[in-house]
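Trainee: Could you take me closely through one part of this model, the nonpolar core and the helices around it, and then through the aromatic pairs?

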Amino acid sequence: MELLITLILPSMILMKLSGPEDLGAVKALLLALTFPLFWGARSLLRERKLNLLAVLGLISILLTGGIGLLQLDPQWLAVKEAAIPGLIGLGVVVSAFTSKPLVRVLLLSPALMNVERIQESLQQRSTTAAFNGRLKIATWMLGGSFLFSSAMNYFLASWIVTSPSGTQAFNEELGRMTLLSYPVIALPSLLIMLALLYYLARTMNELAGLKLTEVLRR
């Protein structure tokens, strides 16, 4: 459902309804942006708390609309596409040099895992320092996935979207870019995340002697 609302429908509207005999470039762009905006707002309202990634997603959608409606140079679209994952990636990498790398915050959450059991097992085995080192490596891996996404976003946008913004051609290219972003960017990023989860599960087993299923909260 999320892919249909945020990816497929907007892309089809941009590619098929932007002609002057249909909705026109401006109305088609506004209609296409309505679907992901609705989904993002719905997610925020359902969670009833501020979700940074959801907020960034909404900002990204609004910036795309602004570039199209204000007829800015399409190169700004490439910059925008790269900026958000790039900033997140830099933030994740910087956190690796602090006492609380982001993976530690995400992984060792009392709501998600039995943190006391993990810490006790690490202390008994005298592997706490090694475990902390592995968490920093995992944080770099996570940051790398965002930086990869940033570079691919910039390349894809620069390659596909070359027509002046506010035109039918711009909308059609934006629709193609949106569709291609899933197999070209999202799937490789997903593989990196799966590799990260495998690395963390293996680290937990090697250094704490625990399987991931043994420490997950139920």
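Mentor: What follows goes from the core to the helices that supply it, and then to the aromatic pairs.

This is a predicted model, in which local features need pLDDT of at least 70 and side-chain atom pairs count only at pLDDT 80 or more, while totals for chains, interfaces and linings use all residues. Residues are numbered from 1 along each chain as its sequence is written, and side-chain values use heavy atoms, with hydrogens and water left out.

A nonpolar core here is a set of buried Ala, Val, Leu, Ile, Met, Phe, Trp, Tyr and Cys residues joined through side-chain atoms within 4.5 Å, where buried means under 20% relative accessible area, exposed means over 50% and partly exposed lies in between, with a 1.4 Å probe and protein chains only. The largest such core has 21 residues, and those with the most contacts inside it are Ile118, Phe131 and Met204. Helix 4, helix 6, helix 7 and helix 8 each supply at least two residues of this core, helices being DSSP runs of H or I with at least four residues, numbered from the N terminus. Helix 8 gives the most, with six residues. If we count contact as heavy atoms within 4.5 Å and leave aside neighbours within four places in sequence, Ile118 touches Leu108, Met113, Met204, Leu210 and Val215. Apart from this core lies another, of 18 residues, among them Leu14, Ala28, Ile61 and Ala78.

Turning to the helices themselves, helix 8 covers residues 168-208, and its end C-alpha atoms are 58 Å apart, which agrees with the 60 Å that its 41 residues should span at 1.5 Å a residue; the expected span is 1.5 Å times one less than the number of residues. Even so, helix 8 has a kink of about 45 degrees at Ser181, shortly before the proline Pro183, the bend being the angle between axes fitted to the seven residues ending at a position and the seven starting there. Just after helix 8, Gly209 takes a positive phi of about 65 degrees.

In helix 4, a kink of about 30 degrees lies at Ala83, shortly before the proline Pro85, and the buried residues of helix 4 include Leu77, Ala78, Ile84, Pro85, Ile88 and Val92, as well as Lys80 and Glu81. Thr127 sits in the loop between helix 6 (115-125) and helix 7; Thr127 counts as buried because its relative accessibility is 15%, and beyond residues up to four places away in sequence it touches Leu122 and Leu207.

As for the aromatic pairs, rings of Phe, Tyr and Trp (its six-membered ring) pair if their centres lie within 6.5 Å, and planes under 30 degrees apart count as stacked, over 60 as edge-to-face and the rest as tilted. By this rule there are two aromatic pairs. Phe97 and Trp140 form a tilted one, 6.1 Å centre to centre with 45 degrees between the planes, and it links distant parts of the chain, since Phe97 lies in the loop between helix 4 (75-95) and helix 5 (102-107) and Trp140 in helix 7 (residues 128-160), 43 residues apart. Phe97 is exposed, at a relative accessible area of 63%, whereas Trp140 is partly exposed, at 39%. Phe155 and Trp159 form a stacked pair, 6.0 Å centre to centre with 15 degrees between the planes; they are four residues apart in helix 7, so about one helical turn separates them. Phe155 is partly exposed, with 47% relative accessible area, and Trp159 counts as exposed at 57%.
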